[in-house]
Amino acid sequence: MTQDSGVRAGVRAGLPLALPTLLLGVSFGVLARPVMGSVAPILMSVLVFSGAAQFAALSVLAAGGAAGAAILAGVLMNARWLPMGFAIGPSLPGRAPARAAQGQAIVDASFAIASRGDGSFDRGLLLGATVVQGAAWWSGTVIGVVAGPIVADPRALGLDGIFPAFYLTLLVTEARGRRAAVAAGAGAAITLALMPFAPVGLPIIAASAAALLGLRRA
Amino acid sequence: VTAVWITIAVLCVATVSMRAVGPVTFGNRRLSGRAAAVIGLVAPILLASLVVYETFSARGPGIELDERLAGLAAAGVALALGRSMLVVVAVAAVATAVTRALV
């Protein structure tokens, strides 16, 4: 077993995303306040702690949708924690409750940073990167709720262009070898094919079916 | 307002559970060769999927072509030139913002 890095190394690895996540949190706070009031968005960022799911649920509520529809949108967006959890589980030590607690640190950026590329994950990087993500997301939400429209438009700053670039950087190091590259291509194709009509979130979960390519003989 | 609190409560429970299932089921063990081969592909696949999703996502189902694509292309060039992640990410933001301001 490869040695885990310290949490501090994870914090360092997570820093490039601190500002974008903060600003994304700000935009969530700004958009959520008229719909949810000022306490609910902040509590939601702490309790749900998943940007994609929160934005999905918010857009349903903002359109006057029922709680059931908002929950469904959020759950679909979040169902990708299942395949990520199955992937990361074997790398987490301790008894079941301890592992369940560590599993709460699974967010997209940390999952990607912690992946060693051989199917195992670095627990220190996972926890450290999530500390940065959490701090940025929560403080961003608070700023957005409090400061509201004073804050500059994240889109004008091009911040929505950061996340594709971030995942692309990690993908390049991750997709070494023919198998991984083929599987990544299949995952991208599944996502693109489903996006025009499938409910938000589903295209990402469906893509993980491409991992079954791993069952073929090398 | 009640709809908001119901949404938050249920999503909280659902999210915590979904993050816990994998680690509880598969924790602390070594996987067989085939299982490891499948699991090893999850990260590259989800990353590729997230690249596509974050580049083309619209509000709700659909595909939206906008300045994020310019950001992604610029990031690709920076990556090909061997730049660090911080530079790649900054280049993407600048390219997205500039394209948005010009077009």
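**Exercise 1.** In this predicted model, find which residues A:Ala52 is in contact with, leaving aside its neighbours within four places in sequence.

*Solution.* Step 1: set aside the residues within four places of A:Ala52 in sequence; the contacts that remain are A:Met77 and A:Arg80. A:Ala52 belongs to helix H4 of chain A, which covers residues 51-62.

**Exercise 2.** Decide whether A:Ala52 is buried, partly exposed or exposed.

*Solution.* Step 1: take the relative accessible area of A:Ala52, which is 26%. Step 2: compare this with the cut-offs, under 20% for buried and over 50% for exposed. Step 3: the value of 26% lies in between, so A:Ala52 is partly exposed.

**Exercise 3.** State how far apart A:Ala52 and A:Ala105 are in sequence and in space.

*Solution.* Step 1: along the chain, the separation is 53 residues. Step 2: from C-alpha to C-alpha, the two residues are 15 Å apart.

**Exercise 4.** Describe the interface of chain A and chain B by residues, area and polar pairs.

*Solution.* Step 1: count the residues in the contact; chain A supplies 92 and chain B supplies 68. Step 2: take the area. The two chains bury about 6900 Å² between them, with 77% of it on carbon and sulfur atoms. Step 3: apply the salt-bridge rule across the interface, which finds 0 salt bridges. Step 4: count polar contacts between chain A and chain B, which gives 9 residue pairs, both residues at pLDDT 80 or more. Step 5: find the element that gives the most to the side of chain A that touches chain B; helix H10 (residues 162-174) does, with 12 residues. Step 6: sort that side of chain A by class, giving 67 nonpolar, 18 polar and 7 charged residues.

Note on methods
Residues numbered from 1 in each chain as written. Chains lettered and ligands numbered in written order. Predicted model: local features only at pLDDT ≥ 70, side-chain atom pairs only at ≥ 80, totals over all residues. Heavy atoms only, no water. Contact = heavy atoms within 4.5 Å. Buried area = accessible area lost by both parts, 1.4 Å probe. Salt bridge = Lys/Arg side-chain N within 4 Å of Asp/Glu carboxyl O. Polar contact = N/O pair within 3.5 Å; in protein donor to acceptor, adjacent residues only side chain to side chain. Helix = DSSP H or I, 4+ residues; strand = E, 2+ residues; numbered from the N terminus. Nonpolar A, V, L, I, M, F, W, Y, C, P; charged D, E, K, R; others polar. Buried < 20%, exposed > 50% of the residue type's maximum accessible area, 1.4 Å probe, protein only.
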